[in-house]
Structure formats: structure tokens, C-alpha cells
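Subject: Model handover, salt bridges

Hello,

Here is the model for your files. Please read the notes below it before you use it.

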Amino acid sequence: MRSTRAARPNLRGILSLFVTVVVIAIMATSVRAYAVESFVVPSGSMLPTLQIGDRIAVDKLSSTVHRGDIVVFRRAPGDHDPEYPVLVKRVVGLPGETISQRGPVILIDGRPLSEPWLPRPSGLCAQPSIPVPTTTIPSGHYFVMGDCRGNSEDSRYWGTVPAQNIIGKVSAVLWRHGHPWMHWF
């Protein structure tokens, strides 16, 4: 009779542990699917802000996109390069605005855009690149560019990004050069 009583608490403990593991797995999957996901930066288009291979945390719950936000998105309809299905760029133009360029200066509705996030031009990032074509950004779309303008294929090449293609906003760099490295945006 003692062995039956001893077996019951063991069974309860195992069942409790199993339920706990299942709940934790469901919560972890939900957080990844709906709240935060990590991505690896695939190219040098965001140098020096983001390095090739950086592991970044992306906030998938933030619904408002502002100018200057760094976003991760599924490729734009005009981008047919299969090498990178998910890209990371900075939002420069918002829905309804007209974006253009005069010399090195980006214009939004004819006014110069202050871009304090841009690196000091040097090396590859200082090389001339194609100018911003005068574009009126459709409702529900964003004009995105890499910080390293001389090394970035972006909205200048393939047009605006629909809001539904945006996965989320970069909130932090978690890993750089093979080591933990925390930087918040």
C-alpha cells in the first residue's frame, strides 16, 4: 500500500512539470510570433549604425512608424533580388510626403531633411550613389534608405515599402563581432 501512495505524488510532480514546460513553450512561441524577434543584419547598407552579422531585436508590437526608425521588412514589390528575403533600412519618407534630392540634401515636401543619424561620409559610404527620384509616397507606404548611401539598394532602386511588409522596428543590437553587445535605439 505504501508504494501506491508514494507513486501518486511522483505522478503529480511529473504532470506538474510537464504542464509547466508546455506553458513556457507556448509563451516563448507567442512572444517570438507577436512581440519580439531577432534577426541578423545581412549586408553593409546600414554601416556604421549596424554591422554585417549584428543580431538585432525587433519590436513587432510597435504599430507607429516614424521618420528615422530603423525597420525590418519583407522585400518591397519592386525588389526582385532573392538573396535577402528580409531587409533592414531606415525610414526617411512617410505616407503622403513628396521626397526628392538637391545635391547631397534630401528634401521632404521641398524642405531639407535633417538626418542626424547619418555617419560622417567616408570610404564606401561616401561614394556617389543614385539620387532620390522625386516621389510622392502613397498612403500606407514608406520610403526607406540605408545609412551607408553608397552601398545601399533601397527605395531609390525599387520604390516604397508597403506598411504590411514591415515586420517591426529595431529596438536593440544584442550581439556584435561574435560577442554580446547591447545598444538600444
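The notes below cover the salt bridges.

This is a predicted model, in which local features need pLDDT of at least 70 and side-chain atom pairs count only at pLDDT 80 or more, while totals for chains, interfaces and linings use all residues. Residues are numbered from 1 along each chain as its sequence is written, and side-chain values use heavy atoms, with hydrogens and water left out.

A search of the whole structure gives eight salt bridges (a side-chain nitrogen of Lys or Arg within 4 Å of a carboxyl oxygen of Asp or Glu). Three of them are described here.

Lys-60 and Glu-37 form a salt bridge with an N to O distance of 2.8 Å. Glu-37 sits in strand E1 (residues 36-40) and Lys-60 in the loop between strand E2 (55-59) and strand E3 (70-74), so this pair ties together parts 23 residues apart in sequence. Strands are DSSP runs of at least two residues, numbered from the N terminus. Lys-60 is partly exposed at 23% relative accessible area, whereas Glu-37 is buried at 12%. Buried means under 20% relative accessible area, exposed over 50%, and partly exposed in between (1.4 Å probe, protein chains only).

Lys-169 and Asp-69 also form a salt bridge, at 3.3 Å, N to O. The pair links distant parts of the chain, 100 residues apart: Lys-169 is in strand E11 (residues 166-176) and Asp-69 in the loop between E2 and E3. Both Lys-169 and Asp-69 are buried.

Arg-156 and Asp-154 meet in a salt bridge at 2.8 Å, N to O. Arg-156 is buried at 7% relative accessibility, and Asp-154 is buried at 0%.

Regards

Definitions and conventions. Helix = DSSP H or I, 4+ residues; strand = E, 2+ residues; numbered from the N terminus.
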